[in-house]
Amino acid sequence: MTAVAAQAALSKRGVAVLIVPVDVSQAAAPDEPDFTVHRAQPVMRPSDAELQQIAEALNNGKKIAIYGGSGCEKAHGEVLALAERLKAPVARTSRAKDFLEHDNPYDVGMTGVFGTAGGYQAIMDCDTLLLLGCDFAWRQFYPTKATIIQIDVNGTHLGRRHPVDIAAVGTIVDTLHALIPLVKPRDDRSFLDHSLSHTHKAEKALDARQTSGHRDVIHPQYLTGLIGQHAAPDAVFTADGGSPMVWCLRHIPSTGNNRTIVSLSHGTMANAMPQALGAQAAYPGRQVISMSGDGGLTMLLGDMLTAVQEELPIKVVVFNNGTLGFVEIEQKVEGLLDTFTKLQNPDFGRMAESMGWWGRRIEHPDGLEDAVKAWLAEPGPALLDVVTVRDELVMPPKVEAGQVFGMALYSAKGILSGPKRAAGVVDMLKNTILP
């Protein structure tokens, strides 16, 4: 049963649980042959007829976009080779960041709520969309007037998020190896260049927020950029569900060797530190960084003692904005006044020191970079408590009219609710809209 559990975990790439009753655990082991675990690596690709149909659709397309997901994990070279042949922009899901972002001249970024205008625009403007190993759930981020081709190793994923015109089962590596020779190379890169132009503008807008900030405040994007700049090339990043996850996905550059671990399926609030503990135990020689929200960290403070007990030298940075930020944004977008989101936080740096960690608190941008360097250089567990600006909005690639109305309604309610609420509205405008 142990071998079966391990085989299931490897084959399904998930968790296997084996529960052993006390009487069984105390019994003598039976005399039986040795079992072992196998790592199967089958070649999986569509049939020749399906490959020909896919190639014909790509050859007939005028504005082709590639949308890659986690199924592209071992297909970086193949995806780039196809993009070069088609002169196609490559958008990606959040899960594909580690696999497609680095060393990719065709990269136009993520789409979806966490994405940017480059990836969003490339997908919405294309006339042929090739989905490679992605199961992105939000239908409003798919094009309405395009031929959609989907390739996935799991046949149950085909067409389940959005209707597709052509669907086939196969691994992305094996499928592209067989598909690329059937695709006609093209010279026209006008759509690619147009998409890259959108991407550069979107990145410039993101970079503008990745600064120390006016009025002596610390933007979370600036903090994240410094961490990405000084982290080890093969660092493992975990991030709490909410705004830390967005800053991680947008502002930590992929190196091809680092890894990003977030909770995309469940949106867990306090996932970063326990994920960091697990990653550090699995890879004791690598730098592991937990990007924790103040709300997420306080839910699992006991695990800080686990890091000391198990001698796990994780690095925790606290995005201390004094609020459940993502929940607050959701309330404001719905036109509601923020309610029950404010947090009364301690000095997390001093608290960490009392638990046997290295700890420090930073409240102003001056000295932040030196603090980040010192924090990452610590040999044991270390916590950096950074007071970031509270009213930093997570802007999606496309703002819907309903979101604008909701924010306007929140602002009006805030102004009319008295000086304290009005000051919050003014701070939001200063930190988000004004240069």
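**Figure 1. Aromatic pairs in the predicted model.** The structure holds 4 aromatic pairs, as read from a predicted model. In one of them, the ring centres of Tyr120 and Phe141 lie 5.9 Å apart with the planes at 80°, so this pair is edge-to-face. Tyr120 belongs to helix α6 (residues 117-125), whereas Phe141 sits in the loop between β4 (128-132) and β5 (147-152); the pair therefore ties together parts that are 21 residues apart in sequence. Tyr120 and Phe141 are both buried.

Figure 2. The ring centres of Phe136 and Tyr142 are 6.3 Å apart and the ring planes stand at 45°, so the pair is tilted: an angle over 60 degrees would count as edge-to-face, and one under 30 degrees as stacked. Phe136 is buried, as is Tyr142. Together with Tyr67, Tyr120 and Phe141, these two residues form one aromatic cluster.

**Figure 3. Arg286 and the ring of Tyr283.** Arg286 lies over the face of Tyr283. The distance to the ring centre is 5.3 Å.

**Figure 4. Helix α8 and its buried face.** Helix α8 spans residues 190-209, a run of 20 residues. From first C-alpha to last the helix reaches 30 Å, close to the 28 Å expected at 1.5 Å a residue. The buried residues of α8 are Phe191, Leu192, Ser195, Leu196, Thr199, Ala202, Leu206 and Arg209. Viewed down the axis of α8, these buried residues fall within an arc of 125° and so line one face of the helix. An α-helix has 3.6 residues a turn, so residues three or four places apart point the same way. On the face of α8 turned away from the buried side are the exposed residues Lys201 and Lys204.

**Figure 5. Strand β7, covered on both faces.** Strand β7 comprises residues 236-239. Val236 and Thr238 on one side are buried, and so are Phe237 and Ala239 on the other.

**Figure 6. Partners of strand β7.** Strand β7 pairs with strand β8 (residues 259-261) in the parallel sense over 3 bridges, and Thr238 stands opposite Ile261 in β8. Between β7 and β8 the chain passes through helix α10 (residues 243-251), and this β-α-β crossover is right-handed. Strand β7 is also joined by 4 bridges to strand β9 (residues 288-293), with the two strands running parallel. In β9, the residue opposite Thr238 is Ser290.

Definitions and conventions. Residues numbered from 1 in each chain as written. Predicted model: local features only at pLDDT ≥ 70, side-chain atom pairs only at ≥ 80, totals over all residues. Heavy atoms only, no water. Expected span 1.5 Å × (residues − 1). Buried < 20%, exposed > 50% of the residue type's maximum accessible area, 1.4 Å probe, protein only. Arc of directions from axis to C-beta. Phe/Tyr/Trp six-rings, centres within 6.5 Å; stacked < 30°, edge-to-face > 60°. Lys NZ or Arg CZ within 6 Å of the ring centre and 35° of its normal. Pairing = 2+ DSSP bridges. Right-handed = clockwise from strand over helix to strand, strands pointing away.
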